[in-house]
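Here is a short report on local packing, strand pairing and backbone geometry. The sequence and the structure come first.

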Amino acid sequence: MADKLEKTAKTVEAAVAEALAALSAVESEVKITVLDPGAKGGLFGIGSKPARVLVERKLSPADVAKKFLKELTLAMNLSVEIETRTKDKQIYINMSGDNMGLLIGKRGYTLDALQYLINLAVNQNSEPNASVILDTENYRKRRRETLESLAQGIARKVKSTRKSVTLEPMSRFERHIIHTVLQNDRYVRTTSEGSEPYRHVVINLK
């Protein structure tokens with residue numbers, strides 16, 4: 001289905017009507033740009049000029065995200081199936097296909113970078129009002145489970161050795177998981193230290 005259409009007719013109204021019919025849309029669903037208002041002309045229509053309009057379908061945040069990701073993966077010569085699910089203002093996108101490891105990257109950094117770019121694209125023309133969570137091959141869940149297990153294991157080590165442990169640099173999303181897992185632990189505390197992209201979590205006794 002086309003997202004935009006340019007139409008020419010005797011009047012702006014007629015051009016818009018033709019475009020709406022072709023797009024199977026109503027006026028509230030589109031953005032209308034008058035490229036040329038046209039001219040009626042003089043006697044016998046001499047000097048008349050047709051009107052020309054551009055009618056663009058208003059895309060939902062989920063549609064914008066899907067379109068952006070599709071164009072990006074095509075540019076990377078990757079064939080990717082994209083599924084979207086929206087709950088409130090949260091957009092969940094799952095990708096599937098071959099070579100998904102390329103989109104995950106080391107420790108998920110490529111996936112996080114793609115997610116950041118998609119969020120910019122979705123909210124570029126307005127105040128941030130939608131949030132995109134990008135995933136593939138259930139990576140987010142698997143990584144969360146790994147980090148939760150890591151946090152609990154390191155916490156036990158800190159308690160037994162009474163020495164603090166510094167974890168490897170992590171993304172903001174991953175650091176948040178570590179902090180959340182141990183926030184109610186009575187014996188250890190977590191802090192984030194350093195500057196991006198080397199910011200890391202330190203776990204020590206309270």
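Asn-99 counts as exposed, at 52% relative accessibility. Buried means under 20% relative accessible area, exposed over 50%, and partly exposed in between (1.4 Å probe, protein chains only). Asn-99 sits in the loop between strand E5 (90–97) and H3. Its phi is near 60°, a positive value in a residue other than glycine. Most residues other than glycine have a negative phi, and most peptide bonds are trans.

Asn-77 has a positive phi of about 60° and is not a glycine either. Its place is the loop between helix H2 (61–75) and E4. Asn-77 is exposed, with a relative accessible area of 72%. Helices (H or I, at least four residues) and strands (E, at least two) are DSSP runs, numbered from the N terminus.

## Basis of the model

This is a predicted model: local features need pLDDT of at least 70, side-chain atom pairs count only at pLDDT 80 or more, and totals for chains, interfaces and linings use all residues. Residues are numbered from 1 along each chain as its sequence is written, and side-chain values use heavy atoms, with hydrogens and water left out.

## The three-stranded sheet

Three strands form an open sheet in the order E7-E9-E8, with antiparallel pairing. Strand E7 (165–166) and E8 are the edge strands, each pairing on one side only. Two strands pair if DSSP finds at least two bridges between them. Strands of a sheet pair through backbone hydrogen bonds, either parallel or antiparallel.

E7 and E9 are joined by two bridges and run antiparallel. Val-165 has Ile-203 of E9 as its bridge partner. Thr-166 is partnered by Val-202 in E9. How enclosed is E9? Five of its six residues are buried, so E9 is largely enclosed by the rest of the structure.

H6 lies across E8 and E9, and runs at about 160° to E8. Axes are lines fitted to C-alpha atoms, for helices over the stretch in contact, and angles run from 0 to 180 degrees between N-to-C directions.

Which residues of helix H6 (residues 172–182) are buried? They are Glu-174, Arg-175, Ile-177, Ile-178 and Leu-182. These residues cover an arc of only 150° around the axis, which puts them on the same side of H6. The arc is that of the directions from the helix axis to the C-beta atoms. The buried residues pack against helix H5 (139–161), strand E8 (188–193) and strand E9 (200–205). Contact means heavy atoms within 4.5 Å. The face of H6 turned away from its buried side carries the exposed residues Arg-172 and His-176.

## Buried positions elsewhere

Val-80 lies in strand E4 (residues 80–87). It is buried, with a relative accessible area of 3%. Leaving aside neighbours within four places in sequence, Val-80 contacts Lys-70, Thr-73, Met-95, Ser-96, Met-100 and Leu-103. Val-80 and Asp-98 are 18 residues apart in sequence and 7.5 Å apart in space, C-alpha to C-alpha.

Ile-104 belongs to helix H3 (residues 101–104). Ile-104 is buried, at a relative accessible area of 8%. Not counting residues up to four places away in sequence, its contacts include Tyr-109, Leu-111 and Tyr-139. Asn-119 is in helix H4 (residues 109–122). With 18% relative accessibility, Asn-119 counts as buried. Beyond neighbours within four places in sequence, Asn-119 touches Ala-130, Ser-131 and Val-132.

## Charges over rings

The charged end of Arg-85 sits over the ring of Tyr-92, 4.4 Å from its centre. Arg-140 lies over the face of Phe-173, at 5.2 Å from the ring centre. A charge sits over a ring if NZ of Lys or CZ of Arg is within 6 Å of the ring centre and within 35 degrees of the ring normal.
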